[in-house]
Amino acid sequence: MSTPTPTPPVFDGRAFAAALPLVPGVYRMFDAADGVLYVGKARALRNRVSSYFNATPKVARIMAMLAQVVRMEVTVTRSEADALLLENQLIKSLKPRYNVLLRDDKSYPYILLTKEATPRLGLHRGPRSLPGRYFGPYPSTGAVRDTLNMMQKLFRLRSCEDSVFNNRSRPCLQYQIGRCSAPCVGLIEAGDYAESVRRATLFLEGRSDALTGELEHAMAAASEALAFEEAARLRDLIAGIRKLQVRQFVDGRSADLDVLAVAMQGAAACVLLLAFRDGRNLGTRAFFPKTNGEDSAPEVLAAFVSQYYAEQPPPSEIVLEHDIPERALIEHALGEHAGRKIELRSNVRGERAAHVEMARRNAQLALATELTSSSAQQARVEALRVLLGMQESPARIECFDISHTMGEATVASCVVFDAQGPLRKQYRRYNISGIEPGDDYAAMHQALQRRFRPAAEGQPEIVLPDVLLIDGGAGQVAQARDVLREAGLFGVVLVGVAKGPARKAGDETLLLPDAREVQPGAASPALQLVQQVRDEAHRFAITGHRGKRQKARSTSRLEDIAGIGPRRRAALLKHFGGLPALRAAAVDDIARVDGVNRALAERIWNSLHGMVDAAVHASDQ
């Protein structure tokens, strides 16, 4: 008698897409045999992945593919250009079944600086067989051509082929229009030409801040002299330089390299592996180890390195987000096991630092996706039922939170969860008015009154929560208790969520309906659910507060970011030429602006992409 074939698990694509951020990245679809069905790129992951699972009719090929999907993975990238390059590399390495067009490296242009006595600068496509330095790849041929034209104005290097260069008797048109220094006929000394080549090389390597600074000063001077055409030309020139300076950090120049980052939330952890082999980016893979109460990211990372590479062949270099305990011992043991030298590195710079940042962002996203999965969510709901002593699992959980900045633009949020996760269509925000600025108790009272007044008036269509979470201590909970009593609602389980003295995740105290105060601890699935709902209410409140303050001030979103004042805001907008270009920039490019360090650049990027809000939360003041 044959064994029946197991039914593949049902993949909830809509729920998966809803948990994704609106940032660039690459997505991968897998079938029941863990084979890759499709690799695609997205400017905004949530929107692109959602488009597969909405009600819009699909062609037969797409419907057949979606019917086989049992899981998906995503990799967040720094920019849409990075996503395009990573998509190309994954298609080549994974050979997905439903990717019709398989691109190769010839699809992307490079900038070539030849290795000759008189080097030539030009665009190159195809095999990199010519001697010289190749800069790229770059996703846009048009951008490379435009920038090469600008570089000819700046450095006046020759662009002609050797057959033309070796047979010139007088300068060509490029010299006449100021785009070449005519080395073919000796109108520039060899040493001066070599200096121009050196400067062009530094520029292409991204070390051109001094040059752009000079151009910015010239642009300002032209503007003050009312030479607006010249100022506009310099502005466009600077914009082109900025575009060329953006390096693509998904292009694995290292032959064999693993990058590891870890994200933690309470007792839950995700270790993200970003692998490069033979110079190709093989994408990311997420692991979810059982921490058994360990809350130290370096300890979790050390345990993963020891166990994972005991079974898998390690590359020659492993880059770690954190330095780990007994690193030298682990490094020696891995080298002995592999029969060659293995290097464990942390605190890296340059390209490897960008790889670490990419791995860290993807670890955070993978952990957030895992925590919202159906099976894990149901387990946490059941644990909350046991903790609260309820007869049945709560079918509806609501959480209220207050957000303002020094009493300005106070907003209350109400988020709703069921056993499967968030019900975003039922979220509500309440603009608070008529109270003393900064009075969180009055704000909470007003928001709860507006939420439960219809139920007190006997409107039958009002759905009540089984559990009501209040982000705050005894004062906020007392306000909620008074509102529920006035409305005659006695079947709602009221729970306060108070932060611990150190405000550390996992140290929260829950104020239960029977007046008990419990600290379930970071390993408690019940507390993990409470944290998830509370954090979502926090995010939703801050988003509403930011929008309200934005509308009231009628200013740029940059002013909502801590550490951005008028001077830095002006410098950012001047550097990038506007908010759209700043939003499209990567962290490294933002950090080039005077007065903006790496940490502030990350805050700016996160705020503009909706991953971390910069507004100040009432309970954190």
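Helices (H or I, at least four residues) and strands (E, at least two) are DSSP runs, numbered from the N terminus. The model described here is predicted.

## Overall make-up

The protein chain contains 21 helices and 19 strands. Of its 621 residues, 49% count as buried. Taking contacts between residues at least 6 apart in sequence, 61% join residues at least 24 apart.

## The sheet of β1, β2 and β3

Three strands make an open sheet in the order β2-β1-β3, and their pairing is antiparallel. Its edge strands, β2 (36–42) and β3 (71–76), each pair on one side only. On average, neighbouring strands of this sheet are turned by 15 degrees against each other, direction ignored. Helix α2 (residues 45–52) packs on the sheet and touches β1, β2 and β3, with a direction that makes about 30 degrees with that of β1.

Strand β1 (residues 25–30) is joined to β2 by six bridges, and the two run antiparallel. Gly-25 stands opposite Ala-42 in β2, and Tyr-27 stands opposite Gly-40 in β2. The hairpin of β1 and β2 has five residues between the strands, and in this hairpin Asp-34 takes a positive phi near 65 degrees. Six of the seven residues of β2 are buried, which leaves β2 mostly covered.

Strand β4 (residues 110–114) has five of its five residues buried, so it is largely enclosed by the rest of the structure. Tyr-110, Leu-112 and Thr-114 point one way from β4, while Ile-111 and Leu-113 point the other way; all are buried.

Two strands pair with β4. Strand β5 (residues 121–124) pairs with β4 in the antiparallel sense over four bridges, and Leu-121 in β5 is the bridge partner of Leu-113. β4 and β5 form a hairpin with six residues between them. Strand β6 (residues 132–135) also runs antiparallel to β4, joined by four bridges. In that pairing Thr-114 stands opposite Gly-132 in β6.

In soluble globular proteins, nonpolar side chains tend to be buried together. Here the largest nonpolar core has 39 residues, and those with the most contacts inside it are Tyr-27, Met-29, Leu-572, Ile-590 and Ile-604. Helix α21 (residues 598–608) gives the most to this core, with five residues. Beyond its neighbours within four places in sequence, Ile-590 is in contact with Leu-572, Phe-576, Leu-582, Ala-585, Val-596, Ala-601, Ile-604 and Trp-605. Another core, of 26 residues, lies apart from the largest one and includes Val-259, Leu-272, Val-348 and Val-356.

Helix α11 (residues 297–311) packs with helix α12 (residues 327–338) at an angle of about 5 degrees, and their axes are 11 Å apart. Angles under 35 degrees count as roughly parallel, and therefore α11 is roughly parallel to α12. At this packing, Ala-302, Val-305, Ser-306, Tyr-309 and Ala-310 in α11 meet Ile-330, Leu-334 and His-337 in α12.

Helix α16 (residues 474–486) has 13 residues, which at 1.5 Å a residue should span 18 Å; the end C-alpha atoms are 18 Å apart, in agreement. The expected span is 1.5 Å times one less than the number of residues. Buried in α16 are Gly-475, Gln-476, Val-477, Gln-479, Ala-480, Val-483 and Leu-484. Their cover includes α15 (440–456), β16 (467–471), β17 (493–498) and β18 (509–511). After α16 comes Gly-488, with a positive phi near 70 degrees.

Most residues other than glycine have a negative phi, and most peptide bonds are trans. Two exceptions in phi are set out below.

| Residue | Phi | Loop | Relative accessibility |
|---|---|---|---|
| Arg-156 | about 55 degrees | between α5 (141–155) and α6 (162–165) | 31% |

Buried means under 20% relative accessible area, exposed over 50%, and partly exposed in between.

How values were computed
Residues are numbered from 1 along each chain as its sequence is written. This is a predicted model: local features need pLDDT of at least 70, side-chain atom pairs count only at pLDDT 80 or more; totals for chains, interfaces and linings use all residues. Side-chain values use heavy atoms; hydrogens and water are left out. Two strands pair if DSSP finds at least two bridges between them. Axes are lines fitted to C-alpha atoms, for helices over the stretch in contact, and angles run from 0 to 180 degrees between N-to-C directions. Contact means heavy atoms within 4.5 Å. Buried means under 20% relative accessible area, exposed over 50%, partly exposed in between (1.4 Å probe, protein chains only). A nonpolar core is a set of buried Ala, Val, Leu, Ile, Met, Phe, Trp, Tyr and Cys residues joined through side-chain atoms within 4.5 Å. Angles under 35 degrees count as roughly parallel, over 145 as roughly antiparallel, 65 to 115 as roughly perpendicular and the rest as oblique.
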